[in-house]
Amino acid sequence: MASNKNKLAFLSMPAPASYVAGLGRGASGFTTRSDIGPAREGPSAEVIAEAQAKRGEEPEIDPEQFQDPDNEYGLFAGTTYEQDDEEADKIYDDVDQKMDSRRRARRCARENAELAKHRAERPKIQQQFADLKRGLSVVTDQEWESIPEVGNLTRKKRRKDERTFVVPDSIIVGDRSKTEYENSLDTRQQQANGFETPADTGTMTNFVEIGQARDKILSLKLDQISGTATTSGFATSVDPKGYLTSLNSVVLKTEAEIGDIKRARMLFDSLVKSNPKHAPGWIAAACLEEHAGRMVAARKLIKAGCEQCPKSDDVWLEAARLHNNDDAKVILANAVQHVGQSVKIWLAAADLEQDVKSKKRVLRKALENIPNSVRLWKETVNLEESATDAHILLSRAVEVIPLSVELWLALARLETPERAKAVLNKARKSVPTSHEIWIAAGRLLEQGAMGDPDKSTESRNKELELVDRTIEFGVRALRQHQVLLTREQWLKEAERCESDGSPRTCEAIIKATVSMEVEEEDRLDTWVGDAESAEARGMVGTARAVLAYALKVFPDQRNLWRKAADLEKAHGTKESLDGVLSQAVHYCPQAEVLWLMSAKEKWLAGDVPAAREVLEKAFIANPESEQIWLAAVKLEAENGELGVARELLVRARTVADTERIWMKSAVFERQQGQYAAALETVSTALSKFPKFAKLYMIQGQIRQMEKQYSSARASYAAGLKACPKEITLWVLASKLEELDGKSIKARALLEKGRLVNPANEILWAESVGVEERSGGAAQAKAMLARGLQECPSSGLLWSMSIWAEPRPTRKSRSVDALKKSKDNPLITCTVARLFWAERKIEKARQWFSRSVATEQDKDIGDHWGWWLKFERQHGTPEYVEEVIRQGAAAEPHHGPVWQAIAKDDKNIGKSTKELLAMVADALQ
């Protein structure tokens with residue numbers, strides 16, 4: 001017992017300070033206020049410091065105690081942040097930004113290079129499988145179906161297949177008997193003679209009564225629908241057409257829509273109750289009910305809105321819209337009593353009237369209430385059929401509203417020319433800030449000058465000069481009244497005058513305003529830009545006026561004269577073009593291009609003596625001009641004067657003595673069949689100009705035509721030695737070796753040429769052609785791949801690569817070609833031919849048009865030939881004529897087939913249209 005008492009002695013002892021009841025068995029999950037006692041404050045910082053001092057402990061230093069409120073640390077934490085500190089921080093920030101901008105370009109370039117390297121080393125999954133995905137386009141249905149199903153590779157337990165059981169025969173027989181018909185009577189039916197059923201009740205089914213009951217029920221339902229049910233139940237007044245129409249007009253709404261309508265109805269109801277004077281709320285609530293199909297509720301709401309907001313014309317107009325015509329008239333009549341100054345109310349009331357007389361009556365009543373409304377006056381005048389009545393109304397209108405420019409101009413249009421001047425003078429005095437009145441005055445003067453065909457040219461010019469003075473005076477007057485329109489606004493007014501058939505007024509506006517707001521050094525570029533933009537919008541008169549004014553300021557600018565001549569050539573007449581070119585050569589006598597254009601236009605017009613006269617004047621102004629000499633030779637040769645042409649060439653070689661004149665002399669002799677004279681001319685020219693490659697070409701071609709292959713080879717070799725950078729010489733030398741049956745030597749020549757002229761697409765293309773003509777398709781494909789590696793953006797090589805592919809993969813190859821070559825015209829033409837092969841006619845036509853879109857692309861004659869060949873096969877005669885017209889206007893000079901045909905001696909003197917037809921026939 002003693003030992004037991006000692007064991008329990010701890011119960012009478014006080015618990016240790018760290019004892020927590022139940023902690024050993026895990027029963028201390030929470031603590032209550034009774035456990036910890038009442039809340040009390042802990043010791044203050046002073047008490048803690050005093051206790052630490054008694055124990056001899058040093059207080060801990062807080063490293064954040066010197067922190068500045070403005071996030072400053074350290075020594076200057078307690079100082080004031082002044083303006084000098086702010087300025088210093090700003091300077092440091094600018095320095096940091098400057099240093100960062102200096103490094104940004106290099107950093108971005110380095111990051112892009114690293115990203116590109118990473119993409120090259122680790123391409124995306126999409127890029128890795130791009131070619132395989134592209135190949136799926138050629139997989140046939142049979143191949144796709146033959147792909148095996150994916151097996152279960154997860155090693156998981158498969159789901160057991162469902163067990164099937166054989167269907168009993170009783171089910172099959174029962175199902176079969178459902179669709180069978182009995183064709184015989186059983187024994188009981190035979191006993192009842194087949195007319196009575198064997199039912200135990202012995203009743204008979206009367207189908208006539210069933211049909212009559214069905215008809216009666218249907219008629220009752222129709223009577224209920226029509227609302228005019230009769231007592232008999234068989235006669236109704238339902239209109240079948242109207243009934244079906246009403247059924248079609250029923251809009252079935254979903255539950256979501258109905259819920260939205262209910263919520264919106266509650267919102268609008270709250271809105272109109274909380275703010276009954278808010279007119280848009282009533283209108284929106286009525287529109288909601290109309291949308292829900294409750295027209296009666298909508299009319300009630302809008303009626304309440306009219307009572308609550310009688311001064312809102314929108315509410316009255318909405319009420320009129322929701323009612324029929326007769327009720328709407330009554331509603332608008334009430335609206336006039338509340339908002340009699342609303343123009344919209346009166347116009348709506350006039351629109352409700354059916355006959356013109358009633359409309360006039362309403363509008364005149366409106367003018368009595370609102371005499372200063374321009375819109376009401378215009379509507380009233382438009383209803384008048386008599387010009388006299390309209391004149392009377394407009395006269396009264398400008399008295400009531402003297403500041404309306406529209407009414408003044410409308411009145412002036414109804415007057416005679418003399419009285420119109422007086423009207424416009426009154427309008428100018430009433431509205432001195434209106435530019436429309438001055439423009440109308442100028443147009444009136446122009447119409448008076450051009451209206452009488454019997455007037456002499458001198459008197460007409462004097463009256464047209466008055467137009468210029470009027471517009472100029474008007475611009476000055478507007479400036480005095482502080483009306484400053486911009487150049488763009490004046491140019492728009494000039495274009496509007498041109499569109500309305502007043503070109504001289506347009507020109508007068510340009511003369512008076514085109515130099516506004518333009519710096520002196522920017523005038524030429526600004527005016528050229530204005531002319532080009534006006535021409536692009538189809539405003540030829542405006543562009544012509546701008547260029548004419550610019551030529552008066554800069555008469556010695558040959559490029560400006562060229563633009564004016566091109567404008568007249570594209571949109572003007574032969575007389576206007578001849579006048580522009582005559583002035584151009586007068587002001588710019590040293591401009592050879594203008595002399596040649598003038599002579600060519602006269603020659604094309606059939607006036608050969610006038611063309612000779614122009615060239616003679618050009619000789620006087622430019623005695624040593626190579627182009628003028630050659631133009632004179634071409635003129636004489638084209639007109640059959642071969643002796644004169646040869647004599648001109650001799651004189652040109654003496655006076656001008658240029659390499660091109662010597663070359664043309666040799667070509668002329670070759671065209672006439674004088675090969676010996678041509679070779680002699682070439683030899684003499686080579687002694688003077690040994691670096692001119694075309695002379696070697698002509699010499700080699702002549703000897704090749706004479707079957708002197710060794711001499712031709714020597715000529716090409718000398719040319720390659722003197723001009724190793726001339727690509728055409730390498731190609732001609734290679735073709736000579738092929739013609740002589742030495743393909744190996746041709747291949748070696750081209751390889752040497754590629755070494756001398758690296759990354760040249762023509763040499764690579766010719767190398768591929770040599771391999772193809774030699775019968776090595778694999779070697780040609782390998783050569784083409786090498787060429788694309790060296791010339792990755794070559795349109796010529798990509799085009800050959802597309803045609804080297806099988807038909808199914810050509811389209812994907814063309815997509816890659818377009819990306820790599822940046823929409824090269826050769827690729828565009830190739831894509832058009834692909835669409836042509838697939839019989840996609842419209843797409844092919846669009847792509848052919850794109851292949852000759854720019855000025856540079858129009859110079860490729862082969863593209864025009866392909867387009868013409870396409871239109872001959874699939875287009876109409878109009879399409880064919882349009883392609884021929886555009887091709888002749890473009891005057892192409894390049895293209896392998898085009899150059900071969902155009903430079904053939906047999907085709908000398910043929911027009912561009914004839915050459916285009918021959919190229920279309922030769923293309924395959």
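Reader: Taking the expected span of a helix as 1.5 Å times one less than its number of residues, how far does helix 18 reach from its first C-alpha to its last?

Author: Helix 18, residues 356–369, has 14 residues and reaches 20 Å, close to the 20 Å expected at 1.5 Å a residue. Helices here are DSSP runs of H or I with at least four residues, strands are runs of E with at least two, and both are numbered from the N terminus. This is a predicted model, in which local features need pLDDT of at least 70 and side-chain atom pairs count only at pLDDT 80 or more, while totals for chains, interfaces and linings use all residues. Residues are numbered from 1 along each chain as its sequence is written, and side-chain values use heavy atoms, with hydrogens and water left out.

Reader: Which residues of helix 18 are buried, and what do they pack against?

Author: The buried residues in helix 18 are S358, K359, V362, L363, A366 and L367, where buried means under 20% relative accessible area, exposed means over 50% and partly exposed lies in between, using a 1.4 Å probe and protein chains only. They pack against helix 17 (343–352) and helix 19 (374–383), a contact being heavy atoms within 4.5 Å.

Reader: And the largest nonpolar core, which members touch the most others?

Author: That core has 69 residues, and W490, I509, I510, L560, W561, L594 and W629 touch the most other members. Helix 28 (residues 540–553) supplies the largest share of this core, with seven residues. A nonpolar core is a set of buried Ala, Val, Leu, Ile, Met, Phe, Trp, Tyr and Cys residues joined through side-chain atoms within 4.5 Å. Another core, of 54 residues, lies apart from the largest one, and its members include I331, L363, A390 and A427.

Reader: What does I509 touch?

Author: Leaving out residues up to four places away in sequence, I509 touches I439, I471, W490, E493, A494, C497 and V514.

Reader: Switching to aromatics, how many pairs are there in the whole structure?

Author: A search finds 11 aromatic pairs. Rings of Phe, Tyr and Trp (its six-membered ring) pair if their centres lie within 6.5 Å, and planes under 30 degrees apart count as stacked, over 60 as edge-to-face and the rest as tilted. One of the pairs is W836 with F848, whose ring centres are 6.3 Å apart. It links distant parts of the chain, since W836 is in helix 45 (residues 825–837) and F848 is in helix 46 (residues 841–851), 12 residues apart.

Reader: Why does the pair W836 and F848 count as edge-to-face?

Author: Because the planes of the W836 and F848 rings stand at 70 degrees, the pair is edge-to-face. Both W836 and F848 are buried. W836 and W866 are edge-to-face too, with ring centres 6.4 Å apart and planes at 80 degrees. W866 lies in helix 47 (residues 861–874), so its pair with W836 ties together parts that are 30 residues apart in sequence. W866 is buried, as is W836, and W836, F848, W866 and F870 form one aromatic cluster.

Reader: Which charged end sits over the ring of W764, and which over the ring of Y879?

Author: The charged end of R754 sits over the W764 ring, 4.3 Å from its centre, and that of R845 over the Y879 ring, 4.1 Å from its centre. A charge sits over a ring if NZ of Lys or CZ of Arg is within 6 Å of the ring centre and within 35 degrees of the ring normal.

Reader: How many salt bridges does the structure hold?

Author: It holds 45 salt bridges, each a side-chain nitrogen of Lys or Arg within 4 Å of a carboxyl oxygen of Asp or Glu. Among them, K563 pairs with E532, the closest N and O atoms being 3.0 Å apart. That pair links distant parts of the chain, K563 in helix 29 (residues 558–571) and E532 in helix 27 (residues 523–536), 31 residues apart. K563 counts as partly exposed because its relative accessibility is 34%, and E532 is partly exposed at 41%.

Reader: What about R713 and E737, buried or exposed?

Author: Both R713 and E737 are buried. Their salt bridge has its closest N and O atoms 2.6 Å apart.

Definitions and conventions: The expected span of a helix is 1.5 Å times one less than its number of residues.
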